Amino acid sequence: MIVKKTINGISCFIVPKKGFIQKQAMAVVRFGSDTAGFKTQSAAFKIPAGTAHFIEHLMFSSPQGNLMDSFSRLGAEANAFTAFDKTAYYFTCAEHFYENLERLIKMVFTRQFTCTDIDAERKIIAEEINMYRDDARWQCYFSLLKCLYPGLAVSNEIAGSIKDINTIDENILNACYDAFYRPENIAVIAAGDIDCDKICETVEKNSVSKVGELPEIESVAENTPENAYTEKYMDISTPFLYAGFKENNTSVSAENTVKMRIMLECMAGECSPLFGRLLKEESVDTPFGFEYLKGRNYGAGLFFGESKAPEKTAECILKEIENSVKNGFVNAEAVVKKQRGELIMQTESVNGICMPIADCFSKNIDFLDILKLYDTIDIDGLSLQKPQFMAASVVKGSRSKQN
Amino acid sequence: MEVIRDRVNLYIDENKKFKGFYLCICLHQPLNENTVTKNRLLSLVLSSGCEMYKTQTELNTALAECDGAQLSIQSVKKGDRIILQFLIAAPKGSEEEQFRILSEIMNHPYLKADDFAISRKKHLKNIIENKIADKKNYAYDRCVELMFEKTGFGIDGDGILRDLCGIRDLYGYYRQVYENSQTDVFILGDINRERAQELLKKYFPALKTNKLSRSDAKAAEFKSVVERSQGKQAKLCIGIDMGKGSRFEKIIFNELFGVGPSSRLFRSVREQNGLCYYISSKYLSLANAVIVQAGIDEENFEKTVDIVKSRLNDPPTDDEIKNAKASVTDTLKIMGDYPTALMDFYLTQGIFDDGVTVETAAEKINAVDKLSLEPKISVVYLLGGEEN
């Protein structure tokens, strides 16, 4: 991977992949749904939930029509997503890479939100929100985040609620764009059989100059979590659960990230004694997924999956977390091999490599350190601090409630 | 991709650019009420362990030790076939170990022990009953089922709940699948042909292929069906019978009709009318059908169907055809970067059995100048929310 910075401050991460046909470029903005407000020299702004995601939708609008279409005309497939700590715009193509890159960079550095576009997009986003309201896993996830982080923006759904998006107007959209869509807050990540110098040149030429300082992010006082359990009823048959803990360690580092991923998988991953036991008892059929959720003002280890006995399973997971604090971990060597192999396989494709680099950029850690750590990590040094708080969220079938 | 038709259909891609090594074995059976549920159950039982790795965690640990090898055993529906697909992939360097682990699973299964099958039966029951949790896919499966009722093309690949309980002698069924299937083997990565053949012979000496014929799908006459769930958003699926014409023309039609943001459906239904967040279409080449999927507010049901109908019947412009051809040929080129996409392509073409390769498919796409198709709606299916 080649790392460069343009004169106006954009970080460029380029992964040359000789012999590959597909090429991808991604522009990552360090602004997502976890920012509740910010201050500039002249004013302070509260950000309604869903604002970063609303901007993501609007970036594709232009007086000439939807810009996704203009990428398609140049043989590229463009898309975007909003996460807690970032918004990313990307395209993949086989041909016309540099022309598409020029379009991507121009698009990200051009603000043209009109009232007509805002109202049209509001209808589409409302349908997206409705889609997520039917998604048991998504609902379960945010219910848990509300337990762990009451009052923090990270516990709001990324697209916001219908009520939230109705409060979003041109003023707040413009203010957020102007505050966060700045060269020094943006990275361009590219992969494929491509030329590094030409990329940096294209990025620099089509972006704006550095303007002023980045705003100060409002730090919100967190409410003390009280609910350790929450449940919902939806139209499903097998219950779904999320269980997790707030970590005590607040530092964001590559080492902490790798260690936490290994520890989470040791606790309840597919090789873990806990999974084996729950499988034998027939409370679960498939391995749990896990996630290390880390941002500016939050850090949590989360497990999720289906279970026929969700309360009991959640309790077992939370107990296992406590046990691990006391007794450490088994199977860590196999887990390190597994995660190392998975990372190699994930980064094999042009499509798979940009995302983990984007994650590292938004957390300000070095992706190459992550790769190196899997070769050098000392598994005897793995230890989990006592969590600040633990909670579980369960979604059960509404049909079972009616019966 | 080199194809060697011997005791099995062997597809080899000697390719140094991949960091991984991929071994995939596919056993084809006709999809019908007798095979579908057993096949799906087999995919779960075989994923759970074997004689050597008696529990799932033992098997998972062996895979982890093999440089994090990823194993996937699935029962894949393709047209009116059900394919038991075994895929093992890992970073290069442990090729023989991948062969060995897969041979333990396939050649020394732990099927005689009933307790395995009993717990997996409960798992499969949950999978089938819980399909409603994913309403988008549930609606898609129902639409295909209604379109091809009572034939293999219409049977849900996850199996039939009422048949699950009565399944006996799963081992006997597995032996029969192992011995009587059309068998395709895919080997991709940094390995030469001789070594690949040697490893295949060493670890799978008894594997062989049989010929399986292909039948044509027949779509139902027009019907419109509304069903209810407790969802907030209605899921619309429209099944289109593609009628006569070459499959390459149909690929181009599908591309311009419903693939991506420049497609007719995305532009008309989402961008011009704001009726949905997602809308797209998918071409099922073996079933000769295009399926449209959208998530909408139920009150826009008729309006959305009307737009889809009108866009279906508009003749494609030269510009649309040109862009769709470019997009499809790019997709074909990019396929060479993705081992699993390549395997899936050749798995499908192997069923057509007309020798089409990635390269000749691109030529055939480029040779199309105009579309002479007569697509016809067969099924309009709506999974609505609760009735007020």
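Visitor: Where in chain A does A:S307 lie?
Guide: A:S307 sits in the loop between strand 13 (298–306) and helix 11 (310–327) of chain A; helices (H or I, at least four residues) and strands (E, at least two) are DSSP runs, numbered from the N terminus. This is a predicted model: local features need pLDDT of at least 70, side-chain atom pairs count only at pLDDT 80 or more, and totals for chains, interfaces and linings use all residues. Residues are numbered from 1 along each chain as its sequence is written, chains are lettered from A and ligands numbered from 1 in the order in which they are written, and side-chain values use heavy atoms, leaving out hydrogens and water.

Visitor: Why is A:S307 called buried?
Guide: Buried means under 20% relative accessible area, exposed over 50%, and partly exposed in between (1.4 Å probe, protein chains only). A:S307 has 1% relative accessibility, so this residue counts as buried.

Visitor: Happy with that! What makes the link between the side chains of A:S307 and A:T313 a polar contact?
Guide: A polar contact is a pair of N or O atoms within 3.5 Å; within protein, one must be able to donate a hydrogen and the other to accept it, and residues adjacent in sequence count only if both atoms are side-chain atoms. The A:S307–A:T313 pair is joined at 2.7 Å. The side chain of A:S307 also reaches the backbone nitrogen of A:A309, at 3.1 Å.

Visitor: Which residues does A:S307 touch, not counting those up to four places away in sequence?
Guide: They are A:T238, A:P239, A:L241, A:S283, A:V284 and A:T313, where contact means heavy atoms within 4.5 Å.

Visitor: How do you know that chain A agrees with a compact globule?
Guide: The radius of gyration is taken over C-alpha atoms, and the globule rule is 2.2 Å times the number of residues to the power 0.38. For 403 residues the rule gives a value near 22 Å, and chain A has 22 Å, so the two agree. Buried residues make up 60% of chain A.

Visitor: Now chain B. What makes the meeting of B:R270 and A:E121 a salt bridge?
Guide: The term asks for a side-chain nitrogen of Lys or Arg within 4 Å of a carboxyl oxygen of Asp or Glu. The side chains of B:R270 and A:E121 meet at 3.8 Å, N to O. Between chain B and chain A the count is eight salt bridges.

Visitor: How many residues of each chain are in contact?
Guide: 56 residues of chain B are in contact with 55 residues of chain A.
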